[in-house]
Amino acid sequence: MKHLWHNCHVATLRGGKYSIIDDAVLVTHAGRIEWIGPRDDLPTVPYDVEVDLGGAWVTPGLIDCHTHLVFGGDRSGEFEQRLEGVSYAEIAAQGGGIASTVRATREASEDELLESASRRARQLLRDGVTTLEVKSGYGLDLASERKMLRVARRLGETLPITVRATCLAAHALPPEYAGRADDYIEHICSEILPTLAGEGLVDAVDAFCEHLAFSPAQVERVFKVAHELDLPVKLHAEQLSSLHGSALAARYQALSADHLEYMTEDDAIAMAAAGTVAVLLPGAFYLLRETQLPPIDALRKHGVAMAVASDLNPGTSPALSLRMMLNMACTSFRLTPEEALAGVTLHAARALGLAHSHGSLEVGKVADFIAWDIQRPAELAYWLGGDLPKRVIRHGQEIDCG
């Protein structure tokens with residue numbers, strides 16, 4: 001059915017700006033935007049349903065382009081321990097840290113993981129998220145990585161949300177490969193990636209390039225296999241130190257490099273040339289009480305697109321609100337509200353390889369949008385949490401986010 005949506009203001013986010021249309025009309029059909037513009041310019045077109053949006057502000061559906069949404073257990077106990085003075089090393093020696101999440105994820109059934117991940121995904125959906133990415137990386141063996149990615153696919157089938165699945169097998173060294181990082185990378189390259197890609201479970205490939213994870217040389221081996229499999233790459237880079245992983249990602253035309261607190265201006269230049277998106281993750285910055293800020297001025301200077309994401313994960317960013325990340329990106333990283341909103345719409349779509357279909361309100365794109373009961377777009381970054389009144393439209397149909 002063809003819908004005509006009217007009595008609204010629209011922030012289209014075309015070009016990464018608000019690009020506002022006042023007294024706007026959207027015409028949607030077959031899940032796509034067929035026409036958008038000022039009411040005075042509306043051509044005479046037949047339609048089946050007319051929807052009065054009551055003066056709402058309409059934005060593209062929000063996109064969370066970096067999450068670790070699927071995992072077993074939680075680490076709230078470790079959070080409490082750290083605040084009581086127990087060091088991360090001591091927690092790890094007790095079997096905590098990422099090892100505890102790997103253990104809980106391996107032990108959980110696929111249905112148990114789906115149930116817990118669905119609860120978290122619904123929280124994001126209620127926050128206005130209509131598209132998200134889910135990374136694996138807490139399985140670290142073929143069967144468990146497959147299980148996580150199958151859950152990611154099932155989330156997209158059972159919830160009114162678009163899900164992109166990323167294989168992050170190169171996230172950490174599993175206990176059975178202790179002291180044998182090169183052997184584990186070979187296992188990823190020769191078995192895990194080819195098998196899971198062949199099963200249609202992978203949309204992109206990610207890795208963690210850090211001293212406590214994998215070296216640039218090891219990551220490059222993963223990237224080469226990803227390219228052989230015709231899969232785009234992404235990278236956790238420069239979160240804790242400068243290994244120039246973001247420049248490596250750019251050499252492989254990565255969709256994004258994420259975190260980036262320790263990236264250099266040369267890294268920014270390389271990313272700009274490659275069109276690689278910088279994904280900023282203020283939740284992890286906040287929870288880890290980091291002080292090294294990403295080089296926002298360098299990213300602006302060289303025209304690197306900046307996305308913002310929740311980094312939802314059990315250890316360093318248990319964030320259930322993407323809008324809260326907008327505020328953190330503004331207050332901690334000094335983004336403007338306009339930059340932050342572009343970071344969870346247009347640039348987030350680019351970070352997932354979806355800019356042709358998502359992230360802005362334009363003719364031909366998917367009709368995913370939110371009608372917010374607000375006075376101006378900056379309110380999306382202004383309010384600290386809370387459930388802002390809204391109507392969520394996905395593929396041209398209003399959905400129940402309850």
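Which residues of the largest nonpolar core touch the most other members? In this predicted model, they are L69, L155, I188 and L299. The core holds 103 residues. Domain 1 (2-60 + 360-399) and domain 2 (62-352) each supply at least three of its residues. A separate, second core has 17 residues, with I33, I36, A56 and F369 among them.

The largest cavity has a volume of about 60 Å³. Its lining consists of P60, G61, I63, T130, T131, S357, H358, G359, S360, L361, V366 and D368. Seven of the lining residues are polar, four are nonpolar and one is charged. Both domain 1 (2-60 + 360-399) and domain 2 (62-352) contribute to this lining, so the largest cavity lies between them.

The second largest pocket contains about 230 Å³ of space. G15, G16, K17, R300, G303, V304, A305, M306, E338, E339, A342 and H347 line the pocket. Helix α13 (residues 337-343) gives the most to this lining, with three residues. The lining splits into four charged, four polar and four nonpolar residues. The second largest pocket lies between domain 1 (2-60 + 360-399) and domain 2 (62-352), because both give residues to its lining.

Key
Residues are numbered from 1 along each chain as its sequence is written. This is a predicted model: local features need pLDDT of at least 70, side-chain atom pairs count only at pLDDT 80 or more; totals for chains, interfaces and linings use all residues. Side-chain values use heavy atoms; hydrogens and water are left out. On a 1 Å grid over the protein atoms alone, a cavity is a set of points where a 1.4 Å probe fits but cannot get out, and a pocket is an open set with protein on both sides within 12 Å along at least five of seven lines; lining residues have an atom within 4 Å of a point. Grid points are joined across faces, edges and corners, and a volume is the space filled by probe spheres set on the points. Helices (H or I, at least four residues) and strands (E, at least two) are DSSP runs, numbered from the N terminus. Ala, Val, Leu, Ile, Met, Phe, Trp, Tyr, Cys and Pro count as nonpolar, Asp, Glu, Lys and Arg as charged, and the others, Gly among them, as polar. Domain bounds come from an automatic or database domain assignment. A nonpolar core is a set of buried Ala, Val, Leu, Ile, Met, Phe, Trp, Tyr and Cys residues joined through side-chain atoms within 4.5 Å. Buried means under 20% relative accessible area, exposed over 50%, partly exposed in between (1.4 Å probe, protein chains only).
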